[in-house]
Amino acid sequence: MKKPTFENLTSYFLKNFFQGLLIIGPIGLTVFVIWYIVTSIDNIVPSIAKEAPGLVFISILLSTAILGYLGNKFVVGRFFVDAIDRLLEKTPGIKHIYSPTKDVMSSFVGDTKKFNDPVWVKTNENPEIWRIGFLTQKEMADVNKHNYVAVYLPHSYAISGWVIVTEEKNIKPVVGMTAASAMKFAVSGGVAGFHSDDNIFKAPE
């Protein structure tokens, strides 16, 4: 039996250490983000948060869900929501904050999600390079860009992205991936694979 050397033991230790980081890292970051969100919302009313941690967060969560239900299911609720919406969109100063915020949030959630049409975009001709993005405007004739479209390209490992305007001939529909899978693929830098429940990463041998 070959006697283990210091280099072999160090290599074996580091291999297992980094494997442990791969397990702990995502779990720890997820727990930290959730805890940060909960405690931040709880601290809106510090006196209650001190006596009953999590109560403010749960109350706001339930209130938001009830408000969404009332605003969608009842005529009176919809009337008040629309009235407040019109007021905020016409108020000088406030409208410049409210309108962009509403547009961005409605792009990700709700019945009018915008990032639900994944496409391949040719960003370079020679060599040929394609990126994955989301079609946000199917025509740009209003700004005198006929036969052009707008595509949102998300950044990997970030919540940011950028928009390009390109000719229709430079895009192709994504086949074999849902919008959620395409977003996961783009944000993960391609590591997430082509299906929402796949992960092509394999631990080192």
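A nonpolar core is a set of buried Ala, Val, Leu, Ile, Met, Phe, Trp, Tyr and Cys residues joined through side-chain atoms within 4.5 Å, where buried means under 20% relative accessible area with a 1.4 Å probe, counting protein chains only. The model shown here is predicted, so local features need pLDDT of at least 70 and side-chain atom pairs count only at pLDDT 80 or more, while totals for chains, interfaces and linings use all residues. Residues are numbered from 1 along each chain as its sequence is written, and side-chain values use heavy atoms, leaving out hydrogens and water.

**View 1. The whole chain.** The protein chain has six helices and five strands, taken from DSSP runs (helices: H or I, at least four residues; strands: E, at least two) and numbered from the N terminus. Along the sequence they follow the pattern α-α-α-α-α-β-β-β-β-β-α. Of the 205 residues, 20% count as buried.

**View 2. The largest nonpolar core.** Nine residues make up this core: Phe 115, Ile 132, Phe 134, Tyr 152, Val 174, Met 177, Ala 182, Phe 185 and Ala 186. Two or more residues each come from β2 (129-137) and α6 (179-187). The largest share, three residues, belongs to α6. In soluble globular proteins, nonpolar side chains tend to be buried together.

**View 3. Around Phe 134.** Which residues is Phe 134 in contact with, leaving aside its neighbours within four places in sequence? Contact means heavy atoms within 4.5 Å, and the partners include Phe 115, Asn 116, Pro 118, Tyr 152, Ala 182 and Met 183.

Key:
Buried < 20%, exposed > 50% of the residue type's maximum accessible area, 1.4 Å probe, protein only.
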